[in-house]
Amino acid sequence: MKTVSLTIDGKRVKAHEGEKVLWAALDNGIYVPNLCTLRDNSEPSAACRLCFVEVEGKKQPVPACTETIEQGMVVNTKGPGALRLARTALELLLASHPVDCAHCPSSGSCELQKIAAHLGVKLKTRRFRKLLRELLVDSSSPVFIYDPNKCVLCGRCVWVCRERLGIGVLGFAHRGFERVVTTFGDGPIAESKCRDCGECVVACPTGALTFKDKQGTVKSAHKERVETETTQ
Amino acid sequence: MKITDLQSVLPAFQGIKSRAESQWRELRDGGKPVIMVGAATCGRAAGALEVLRAIKDELKKQRLDCPVVEVGCMGHCYAEPIVTISKPGYPPICYGYVNPVIAERLISEFILGDDPCLEFVLGALEENDLVPSFSDFPRAKFEKKVILKNCGHIDPEQVEHYIANGGYAALVKALQMQPEEIIDEVKSSGLRGRGGAGFPTGQKWEICRNAGGRPKYIICNGDEGDPGAFMDRAILESDPHSVLEGMIIAGYAIGARYGYIYVRAEYPLAVHRARLALRQAKKLNLLGKNILGSDFSFDIKLFQGSGAFVCGEETALIASLEGEPGIPHYRPPYPATNGLYGKPTLINNVKTLSSIRYIIQKGAEWFASVGTERSKGTAVFALAGKVVNTGLVEVPMGTTLRQVIFDVGSGIQGGKRFKAVQIGGPSGGCLPESALDLPIDFDSLTDAGAMMGSGGMIVLDEDDCMVEIARYFLEFTQRESCGKCTFCRLGTKQMLEVLDEITKGKGKIEDLDMLSWLAEDIKAGSFCGLGKTAPNPVLSTMSYFRDEYEAHIKEGRCPALMCRELIAYYIIPEKCERSCDACVGTCTVEAISANKKRIKVIDQEKCVKCGTCLDACPPQYNAVVKLSPPSQVPASK
């Protein structure tokens with residue numbers, strides 16, 4: 001496969017032809033905030049709108065997950081326009097997220113915390129109204145707890161369950177602000193075809209899906225994934 | 001195409017055409033009066049079916065035998081139900097605001113007797129010495145009917161009517177051309193997509209033709225969802241074959257084998273008529289295998305969308321057609337190369353497709369002679385809101401907003417003052433009086449902060465609060481957002497919260513900065529067109545009507561007296577009539593009582609601001625008024 005060389009944040013990097021900017025950056029140790037991408041998903045979902053970067057010659061910031069690399073491309077992940085969009089997107093997510101890190105088993109491995117630190121955004125945002133939904137927590141599964149209130153709708157769990165594993169227990173329902181990840185017919189997970197494999201929990205970047213009883217397992221699973229992704 | 005095929009196309013069509021023409025002649029020149037009833041959705045909503053029944057009953061009673069034809073929408077929706085009578089010896093006369101009683105009179109006095117009932121006449125379809133014709137109307141100077149030409153004048157359920165009026169001749173001509181020639185013709189006509197974005201149609205066709213992968217698909221996008229827009233519905237209900245013909249020609253030009261008409265299920269009449277049209281076209285071999293004996297085969301199916309606004313976005317529409325949730329997908333690849341089931345797919349709006357036959361028949365040059373430098377042809381608008389002549393309007397591109405609203409639409413209802421016009425639906429914006437002389441075309445409307453959109457035009461007057469209008473449209477997009485991307489799902493929700501607070505008098509001045517900042521980010525950061533344009537109604541009202549926003553925030557006052565929380569109803573004692581109790585009786589919450597002098601007083605604590613007292617107060621007194629802010633109400637003595 002041909003390789004293409006480009007510059008990201010002043011650093012000359014090489015990546016396979018056809019690769020997206022996001023992976024080219026991550027593979028070369030340059031972090032770009034992201035929530036909704038998974039390496040093995042070939043079609044970028046481009047839903048979280050956090051990975052904006054600036055590309056020389058383009059008027060507007062572009063999402064790194066959909067932008068294909070080109071020879072000689074000059075990418076700036078810290079341009080003011082890109083950071084502005086990423087910060088607004090994160091603050092919007094945080095404004096609709098119950099920021100209760102002290103009592104959240106995912107605290108420490110949560111990607112929202114990591115991205116907030118990277119972008120210099122406070123977890124308790126002041127700019128926007130706090131808009132929470134009061135959805136029921138589903139603890140019916142013997143393996144994990146699903147708290148839809150903490151979900152950022154990145155869709156990783158849906159994709160993993162449906163495409164990678166071919167099970168398809170989880171899916172999206174409703175529109176707009178009411179959009180939610182749920183089971184078919186909105187029933188409890190225990191009554192679905194869930195095989196309790198816990199892959200969705202591993203995929204979840206926040207505290208929406210957490211392992212039961214084994215708080216340690218939760219953290220390590222998250223940490224492991226976050227670490228492999230950033231060091232890859 | 002092979003020469004042998006071409007030889008068969010013409011004679012095959014000649015037979016169909018002469019049969020259709022003789023049928024049409026029989027109807028028009030059969031010596032009997034012909035009664036046409038406008039029975040599109042606009043007519044039916046106004047009572048056309050009752051009128052139709054009354055006409056049929058009366059004819060039966062009078063033992064008269066004359067054809068009664070259901071036609072589509074003429075565009076004069078304000079005057080529905082509309083009945084057109086063509087009686088030998090008279091010009092075809094169009095009657096407006098017809099009810100069953102008037103219908104009976106028309107039969108007994110005009111059909112049976114010889115009194116054309118001038119008091120009910122709207123206009124004649126031809127110039128004559130008896131009654132004023134539509135061409136004498138001031139609006140006639142500005143209108144130019146191209147794609148609406150047949151609407152309201154033929155029976156949409158009779159393919160023969162369409163063929164006798166020149167229908168499918170363009171298809172026959174196209175089948176004798178090379179596909180590339182057709183694409184060149186469409187390209188040089190300058191036609192731009194009528195769905196809203198205005199992408200050059202010919203270019204889209206060319207990309208799709210050159211794309212690899214088979215079979216190719218054509219999709220007619222009839223997922224019209226803007227509040228106040230009804231152009232596509234009217235065309236599908238009034239002249240469905242014009243859309244079919246455009247699709248078949250497009251299919252031949254790009255080398256497609258299958259087509260889909262995507263119509264929302266909320267348009268049952270459009271669905272019914274389009275389905276019927278498909279069956280008829282198939283029967284005449286204008287559709288199906290080896291069309292008219294040529295080697296071109298093309299089939300069309302109708303698909304009913306379940307009414308999600310976002311499905312008008314082409315990638316969401318394709319997902320919906322494939323049986324997936326209607327959620328937009330990332331482009332590129334664009335549907336033209338990678339669309340339905342991963343195959344090259346051409347998606348065109350209803351109006352775009354129904355323009356095609358005229359381009360093929362009359363030539364690109366003719367089409368390009370109408371319109372402006374960069375926007376060719378005509379624009380179809382659904383004129384709604386506070387305008388006198390609501391209905392369908394077709395004008396050349398470049399006509400000004402003022403001409404459409406004041407000359408064609410006859411201005412504002414009830415002599416009120418014009419405030420703004422909302423163009424382009426939830427993706428468009430509100431333009432103020434100062435923008436009225438803007439020519440209507442794709443570029444100048446976008447520059448002004450609105451957009452062409454698919455053709456909804458809602459006229460607003462002095463009683464409309466611009467903050468509330470912006471809030472209304474944002475509520476619509478928020479509800480219709482698919483929820484996939486952060487900006488559209490949460491950003492529009494945040495904006496909506498702020499607007500809600502402002503209309504309730506709880507806004508803060510710094511909210512305005514937050515609103516415009518967030519609006520810019522949503523525009524730049526959203527995934528699809530729905531999100532990218534969702535802030536437009538807010539941005540345009542904030543730039544043109546900032547004073548209204550400030551009045552809400554700083555003074556707790558709604559200048560248009562519309563926002564319920566910021567107004568109070570008050571009875572002016574000097575105007576209130578002692579002997580009248582109209583308001584007391586209508587008040588739903590018993591908030592109105594009479595004082596010792598029999599002057600009526602509203603208990604502001606109890607009042608729910610429903611406004612029935614204002615409607616009930618007889619016009620000679622006009623004692624009930626709205627005041628804003630509510631503190632304007634004088635303390636009761």
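In the predicted model, the side chains of B:Asp464 and B:Lys386 meet in a salt bridge, with an N to O distance of 3.1 Å. B:Asp464 lies in the loop between strand 14 (456-461) and helix 17 (466-480) of chain B, and B:Lys386 in the loop between strand 10 (378-385) and strand 11 (391-396) of chain B, so the pair ties together parts that are 78 residues apart in sequence. B:Asp464 counts as buried at 7% relative accessibility, whereas B:Lys386, at 24%, counts as partly exposed.

A second pair in chain B is formed by B:Asp299 and B:Lys282, whose side chains meet in a salt bridge of 2.8 Å, N to O. Here strand 8 (residues 299-305) of chain B supplies B:Asp299 and helix 11 (residues 268-283) of chain B supplies B:Lys282, so that parts 17 residues apart in sequence are tied together. The relative accessibility of B:Asp299 is 18%, and the residue counts as buried; B:Lys282, at 45%, counts as partly exposed. Elsewhere in chain B, a network of salt bridges links B:Arg44, B:Glu70, B:Glu157 and B:Arg273.

In chain A, a salt bridge joins the side chains of A:Arg156 and A:Glu111 (3.3 Å, N to O). A:Arg156 belongs to helix 4 of chain A and A:Glu111 to helix 3 (residues 111-119) of chain A, so the pair ties together parts that are 45 residues apart in sequence. Both partners are buried: the relative accessible area is 1% for A:Arg156 and 3% for A:Glu111. A:Gly155 lies in the loop between strand 6 (144-146) and helix 4 (156-164) of chain A. This glycine also counts as buried, at 11% relative accessibility. Its C-alpha atom is separated by 9.9 Å from that of A:Cys200, which is 45 residues apart from A:Gly155 along the chain. Over all chains, the count comes to 50 salt bridges.

Five salt bridges are found across the interface of chain A and chain B. One pairs the side chains of A:Arg175 and B:Glu480 at 3.3 Å, N to O. The contact takes 30 residues from chain A and 34 residues from chain B. About 2800 Å² is buried between the two chains, 55% of it on carbon and sulfur atoms. On the chain A side, the most area is lost to chain B by A:Arg84, A:Arg129 and A:Arg175, which together account for 23% of what that side buries.

Chain B is divided into five domains: domain 1 (31-136), domain 2 (159-368), domain 3 (378-464), domain 4 (467-555) and domain 5 (567-632). The centres of domain 1 and domain 4 of chain B, taken over C-alpha atoms, are separated by 47 Å. In helix 7 (residues 179-189) of chain B, the buried residues are B:Pro179, B:Ile182, B:Ile183, B:Val186 and B:Ser189. Seen down the helix axis, these residues fall within an arc of 125°, so they line one face of helix 7. Their cover includes helix 6 (169-175), helix 8 (201-210), helix 10 (240-254), helix 13 (350-362) and helix 14 (364-368) of chain B. Helix 7 is followed by B:Gly190, whose phi is positive, near 75°.

The mean pLDDT of chain A is 90, with 91% of its residues reaching 70 or more. Over residues 225-232 of chain A, the pLDDT is below 50, and this stretch has 18 contacts in the model beyond near neighbours in sequence.

Definitions and conventions. Residues numbered from 1 in each chain as written. Chains lettered and ligands numbered in written order. Predicted model: local features only at pLDDT ≥ 70, side-chain atom pairs only at ≥ 80, totals over all residues. Heavy atoms only, no water. Buried < 20%, exposed > 50% of the residue type's maximum accessible area, 1.4 Å probe, protein only. Helix = DSSP H or I, 4+ residues; strand = E, 2+ residues; numbered from the N terminus. Arc of directions from axis to C-beta. Contact = heavy atoms within 4.5 Å. pLDDT = per-residue confidence, 0-100. Domains from an automatic or database assignment. Buried area = accessible area lost by both parts, 1.4 Å probe. Salt bridge = Lys/Arg side-chain N within 4 Å of Asp/Glu carboxyl O.
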